[in-house]
Amino acid sequence: MQFWALLVDSFRESRDRKIFWVMLILSVVGAGAMACVAFEPGKINLLFGMWEYDVARFTGPGGVLRSDLITTLVVEWLMDTLLGWIGVLLAIIATAGFIPAMMERGAIEVLVSKPIARWRLFLSKYLSAMVFILIQAAVFVLLTFLVAGLCWRTWLPAYLLAIPLVVALYSYVYCVAVLVAVFSRSTIAAVLVTLGAWVAFAGVQNLDDAFILFPDWQKQRTLYQIVHGARWVVPKTQDITYLAKKWTRAAYGTELVPTPDEEGRHLLDKAEAVEAERKAIPAYQSIGSSLLFEAALVLVAMWRFSRQDF
Amino acid sequence: MVAITEMTNWAVDLIDVHKIYGKTVHALKGVNIQVGRGDIFGLLGPNGAGKTTLVKIMMTAVRPTRALGTVLGRPLGHRGKLARVGYLPENHRFPPYLTGGQLLDYYAALAKVPRARRRANAERWLNRVGMRDWASTRIDKYSKGMMQRLGIAQALMNDPELVVLDEPTDGLDPMGRRDVRQLLLELRQEGKTVFLNSHLLSELEMVCNRVAILVDGLVARQGTLSELTERSLEYRITFHGGADAIAGKLQSLGAVVEVGGLRLAGGDLKKLNEAIDLLRTHGLLIDRVQPQRFSLEDVLVEVLGKSPPVASPITASPVMRSE
């Protein structure tokens, strides 16, 4: 009863915020835009002919790009850019204020005077944010899933994995917002520090990848060990989108087969080296270590909230 | 550290409550307060005395540095008892996106009130505080007074045994304040205990039967209103004529003779009647015999060591206080 009341309250709070509706509208607009894509011999037609993309180099003159290959390309863009970056960013902005609002002077005293343990109160609010992003992600993914199926005649059940993966990605980052919020009671501080942390998490991963791309850098052993060690500790935000793409491609047995020139071949070799390194790490290790980091931050925040004087 | 005490019959039994913020701010320095079941208890004191801190310790919003005591028979810090307590803090903030009805339902659900009872209680208390017609309106459209009424209703949604109200009449017009006072008396008649924190001493005098004065983290005075003001009781007799001939005898009764009148301190009715007999025997025409007592404000001023208080004529209805 108490958790349900907190959940409903969080939903009402979200609904009162404009960004909730902005995200829903964006989901509908995005799906609508997807529905405006058509595949014609040798080209992709967007917005009823307003823009065309020549795909002859992939198909040969007059050939139609395989719809599942196209769909994979678009889906990956949806998962990586729209959901993985824009969606999570909007979700952080939308939910970073949940904890500070709960802890506002005059509001928190009423809440903690109820017969609910503080850790339950805190955890309920935390999980409410997860439900918020779950709803937003589910709406977007389901709409685009239906467009791919109905308009492109390509059903992508594996794409639905994007829902839990986006929630996981969001949770990796949101835990920072929660920790900052408990200590500062400030939404702005929570958003800014979280965005900074997100950049830092990605930066650590990219730096670690750079050591693979440029093996000479590994001669700086101390730096390499620090970065490589840090990669294990911080949430693997980029691994999430990588996993999403990997599982989607695996579901269709498709791989992109570009025909690069010499320089392109060289770059592709390096990218494949990075990918091989990532493939060597099982998904459960990547996700598990990230969730451990998240759990640690949430536990610290919960401890602080439970012991704080209001 | 909070230790468990034996079960008591007090609704609130606070013993040696200390609170230190940081390492330097000693907000409460060993507070002892007892509130009987069915009392309307008033806590008063100057700003910074520690009143709100004490209330928050009772409501588990603040952890005491050291304390013994119980609230409704349960140790301080026990969360389960909060299901039987209603609380409205000062300067409360409610979620602006909720309607009045939604807000009552939300907080009652957190207080573990079953759904069916929540509906019935919401209707009852919205009616009682005069907010029934506003139940479907978002509270960001409410005035301060309406918010206060809703807050009081929120504190009563779980049919509490103990109601803790911090400045309950804040923002209310005179009729609203009267209504709240009446509500508090009704709650008392229902057997509930009310713990009030208020700066409006005149209002505390009208409803409370016991009060405590908190000064600088310690209880300076505690007791019934009569106990606190009894020693200030004096009788003022005004009469026509001169009393020089009997001044000595009047003074032997403890009276202070003035022109056209006298003051007799204490509540000794025997001496009062002897003084009246003396005046009448000597042909002095008595105009008025008026009891006078310190008000709560006078007691507070005296406790704070400010200018000497002056007794005021008794005006409050004795029916509203019982000791």
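The model is predicted, and local features need pLDDT of at least 70, side-chain atom pairs count only at pLDDT 80 or more, and totals for chains, interfaces and linings use all residues. Residues are numbered from 1 along each chain as its sequence is written, while chains are lettered from A in the order in which they are written.

In H2(A), the buried residues are Met23(A), Ser27(A), Ala31(A) and Met34(A). These cover an arc of only 70° around the axis, which puts them on the same side of H2(A), the arc being that of the directions from the helix axis to the C-beta atoms. Helices are DSSP runs of H or I with at least four residues, numbered from the N terminus.

Between the chains, 20 residues of chain A are in contact with 24 residues of chain B, contact requiring C-beta atoms, placed from the backbone, to lie within 7 Å. The largest share of the side of chain A that touches chain B, six residues, comes from H1(A).

The domain assignment of chain B, automatic or from a database, gives domain 1 (37–64 + 73–227) and domain 2 (233–293). The centres of these two domains of chain B, taken over C-alpha atoms, are separated by 46 Å.

Conventions
A residue is buried if 20 or more other C-beta atoms lie within 10 Å of its own, exposed if 12 or fewer, and partly exposed in between; C-beta atoms are placed from the backbone. Helices (H or I, at least four residues) and strands (E, at least two) are DSSP runs, numbered from the N terminus. Two residues are in contact if their C-beta atoms, placed from the backbone, lie within 7 Å.
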